[in-house]
Amino acid sequence: MHFIFRLALALSPILVLSHAHAASPEDRYIAARDAAIAKFAKQANDGKTGEAVDKAEAAARDELKTQLAAILSEPARPGFAPAQLNLDTLYKGDMGFGMLDGLRFDADKGRDGGKIGEQRPDGSFVEPKAHIIVTTEALFTRWLHEHKAWWDKGSKNVPQQIEAALKFEGLYTQAISTDAAVINFDELPVAKPASATLTYGFLAGRTQDSTPEAGDEVFVAALAGGRMYIAYGEIEPAVKVPACATIRADYNKKADAAAEKLDRKEITKKAYDKLGDLRQQGEDAFKRCFTERAPQQPAFAEATKQAQALLETAIGR
């Protein structure tokens, strides 16, 4: 009996240590996610593709959704469909790989009240007017760490501090499903709900090339009760500043005129180069003008109201 007691005492620190280092639900989720990514990467390298593999990948995402649903225990949102996993794919080579780990609620109607998936007269399809992504603070912090060198050298990556990260427009390009870059036109003066420790909102647009002429989306983010919420949606009316668009158009005209003069040898290459990148100058001037003047537009106040409502729906006040 004394031997057994002494053995128990000897083993007790090990048992305590093992308990202290037990994997958290988030750790188990990440381990399952990374194992699935590795599995499908190997299958792709081995040339294994087809319907069966795609079904297995979809099943793996369903299992990850089940794990996150248990971790988050998030209630349904009025006007939103049941939660989906925010990860579009587990294939490293696919567009959208590396999105934010979390659950995503998609609005059950389009911006104009249309049925999701319905085709409009112009050939486009109705998409959800808003989306809400929920994750834990621990998973969000881990995601930031995984993305600290995500983009190629020379491109700015997401800051590692939460507050700074929320103000970095590249965060939203990486975190959500999009084939275009998210542009932060201007911060919106959204009020911080009582339950939130951090809140940030901004007027946005998306682009694959030049900065769009109008802000037609809002993004809001909040840290509340150990949860990170990111919500975004289309707004009506869009925020426009025609005078700013005119400034950019003038720069583009100057760029065209300079290029023509160079072609006709009316100016030297040295003189042309001295002008600098006129189109980029126009982009920069447009953005400065828009940031300065947009808050004076009536639509800006309406955008702020819509952003506030979306934020409150996201975190449930």
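Contact here means heavy atoms within 4.5 Å. This is a predicted model.

**Helix α2 against α3**
- The axes of α2 and helix α3 (residues 51–72) lie 10 Å apart, at an angle of about 170 degrees. Angles over 145 degrees count as roughly antiparallel, so α2 is roughly antiparallel to α3.
- On the α2 side, the contact residues are P25, E26, R28, Y29, A32, R33, A36, F40 and Q43. They meet V53, A56, E57, A60, L64, Q67, L68 and I71 of α3.
- This α2–α3 contact holds eleven nonpolar, two polar and four charged residues.

**Helix α2 against α4**
- Helix α2 (residues 25–45) and helix α4 (residues 137–146) have axes that come within 10 Å and cross at roughly 40 degrees. That makes α2 oblique to α4.
- The crossing is right-handed.
- E26, D27, Y29, I30 and R33 of α2 touch A138, L139, R142 and E146 of α4.
- The α2–α4 contact has four nonpolar, no polar and five charged residues.

**Largest pocket**
- The largest pocket holds about 460 Å³ of space. Its lining has 20 residues, with E127, P128, H131, R206 and E234 closest to the centre.
- Strands β2 (103–106), β6 (214–224) and β7 (227–240) each supply at least two lining residues. β7 gives the most, with three.

**Second largest pocket**
- The second largest pocket holds about 320 Å³. Of its 17 lining residues, K129, A130, E234, Q306 and L310 are closest to the centre.
- β7 and α10 (298–315) each supply at least two residues of this lining.
- The lining comprises eight nonpolar, four polar and five charged residues.

Conventions: Residues are numbered from 1 along each chain as its sequence is written. This is a predicted model: local features need pLDDT of at least 70, side-chain atom pairs count only at pLDDT 80 or more; totals for chains, interfaces and linings use all residues. Side-chain values use heavy atoms; hydrogens and water are left out. Axes are lines fitted to C-alpha atoms, for helices over the stretch in contact, and angles run from 0 to 180 degrees between N-to-C directions. Helices (H or I, at least four residues) and strands (E, at least two) are DSSP runs, numbered from the N terminus. Angles under 35 degrees count as roughly parallel, over 145 as roughly antiparallel, 65 to 115 as roughly perpendicular and the rest as oblique. A crossing is left-handed if the near helix is turned anticlockwise from the far one by less than a right angle, and right-handed if clockwise. Ala, Val, Leu, Ile, Met, Phe, Trp, Tyr, Cys and Pro count as nonpolar, Asp, Glu, Lys and Arg as charged, and the others, Gly among them, as polar. On a 1 Å grid over the protein atoms alone, a cavity is a set of points where a 1.4 Å probe fits but cannot get out, and a pocket is an open set with protein on both sides within 12 Å along at least five of seven lines; lining residues have an atom within 4 Å of a point. Grid points are joined across faces, edges and corners, and a volume is the space filled by probe spheres set on the points.
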